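Please walk me through this model in the viewer, one selection after another, saying at each stop what to pick and what is found there.

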Amino acid sequence: MNNNAVFAVEKDAFNSEADADEGIDDKWLKLAETLLDEDQIKKDTLIEQFQLAIEKDEFLKTQRPSSLSLDRGYLTRFLRAGRWEVESAMEVLRSYSSLGKEYTEYVSRAIPTKLDRVWNNHLNTMTEKRDKFGRRVYIFRLGQWDPETVPVEEFYASAYVLMELVAREVKTQIAGVTVVNDVS
């Protein structure tokens, strides 16, 4: 599970198209195969198995709205997080689905336009450049955070917003995120 692929450190604009893997080049597909055991031949079968498991899961029936689209890209996101093992992907999806109920104080505040105190204090960011391993870089400046000025709920909500943003990107689903904590 070694990432021996090296990428140029260059600007890579955030992808607003959720889970879009059209046009992803072979280098990324090879990395997905290496890091996540992604197999293009088995992909359709595993997506179908995952969808059936979701439809049968009693816990998920209580968590997700019936209108939620379980499209191919969305399902692939969780299968990647579970390294293409359906039960592992189910665990990830169950955890993700319960976030809103378990952490309401953070998730309910995760509206980017309502987090100006965090953004104006430059407490965290996701860089547009990926590192040499293709990972997004998340920087949070814990040492600069003043809880008297920015409530913990807003600080965590901003991190949630940024992670949600990049979780939608196929390249990030494959390569992951590097986290840098600046405590100075």
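Begin by selecting Phe 50, which is buried, with a relative accessible area of 0%. The model on the screen is a predicted one, and what follows should be read with that in mind. Phe 50 belongs to helix α2, and if neighbours up to four places away in sequence are set aside, the residues that Phe 50 touches are Leu 75, Phe 78, Leu 79, Val 86, Ala 89, Met 90 and Leu 93. With the C-alpha atoms displayed, the separation between Phe 50 and Leu 75 can be checked: 7.4 Å in space, for two residues that are 25 apart in sequence.

**Next, select α4 (72–81).** How many of the 10 residues of α4 are buried? Eight of them are, so the helix is largely enclosed by the rest of the structure. The buried residues of α4 are Gly 73, Tyr 74, Leu 75, Thr 76, Arg 77, Phe 78, Leu 79 and Arg 80.

Beyond its neighbours within four places in sequence, Arg 80 is in contact with Asp 21, Leu 36, Glu 38, Lys 43, Val 170, Gln 173 and Ile 174.

**Then turn to the largest pocket.** The space in this pocket comes to about 540 Å³, and 22 residues line it, with Ala 81, Tyr 96, Met 163, Glu 164 and Ala 167 lying nearest its centre. Colouring the lining by residue class divides it into 16 nonpolar, three polar and three charged residues. Which helices each supply at least two residues of this lining? They are α4 (72–81), α5 (86–102), α6 (104–107), α8 (152–167) and α9 (170–175), and among the contributors α8 gives the most, with six residues.

While α5 is displayed, Ser 97 can be selected in that helix; at 18% relative accessibility it counts as buried, the cut-off being under 20%. Apart from neighbours within four places in sequence, Ser 97 is in contact with Leu 60 and Gln 63.

**Now show the aromatic side chains.** The structure holds eight aromatic pairs. One of them, formed by Trp 145 and Phe 155, is stacked, with 4.8 Å from centre to centre and 10° between the planes. Trp 145 lies in the loop between β2 (136–140) and α8, whereas Phe 155 is in helix α8, so this pair ties together parts that are 10 residues apart in sequence. Phe 155 is itself buried, at a relative accessible area of 4%. Widening the selection to Tyr 103, Tyr 106, Trp 145, Phe 155 and Tyr 156 displays the members of one aromatic cluster.

A further ring to inspect is that of Phe 7, over whose face Lys 27 lies, at 4.5 Å from the ring centre.

**Finish in the loops.** Select Phe 133, in the loop between β1 (124–126) and β2, where it is partly exposed, with a relative accessible area of 24%. Phe 133 and Ala 175 are 42 residues apart in sequence, yet their C-alpha atoms are 7.0 Å apart in space.

The last two selections concern backbone torsions. Most residues other than glycine have a negative phi. Asp 37, although not a glycine, has a positive phi of about 60°; it sits in the loop between α1 and α2 and, at 42% relative accessibility, counts as partly exposed. His 122 is another residue other than glycine with a positive phi, near 50°, and its place is in the loop between α7 (116–120) and β1. Is His 122 buried or exposed? At 54% relative accessibility, His 122 counts as exposed.

How values were computed. Residues are numbered from 1 along each chain as its sequence is written. This is a predicted model: local features need pLDDT of at least 70, side-chain atom pairs count only at pLDDT 80 or more; totals for chains, interfaces and linings use all residues. Side-chain values use heavy atoms; hydrogens and water are left out. On a 1 Å grid over the protein atoms alone, a cavity is a set of points where a 1.4 Å probe fits but cannot get out, and a pocket is an open set with protein on both sides within 12 Å along at least five of seven lines; lining residues have an atom within 4 Å of a point. Grid points are joined across faces, edges and corners, and a volume is the space filled by probe spheres set on the points. Helices (H or I, at least four residues) and strands (E, at least two) are DSSP runs, numbered from the N terminus. Ala, Val, Leu, Ile, Met, Phe, Trp, Tyr, Cys and Pro count as nonpolar, Asp, Glu, Lys and Arg as charged, and the others, Gly among them, as polar. Rings of Phe, Tyr and Trp (its six-membered ring) pair if their centres lie within 6.5 Å; planes under 30 degrees apart count as stacked, over 60 as edge-to-face and the rest as tilted. Buried means under 20% relative accessible area, exposed over 50%, partly exposed in between (1.4 Å probe, protein chains only). A charge sits over a ring if NZ of Lys or CZ of Arg is within 6 Å of the ring centre and within 35 degrees of the ring normal. Contact means heavy atoms within 4.5 Å.
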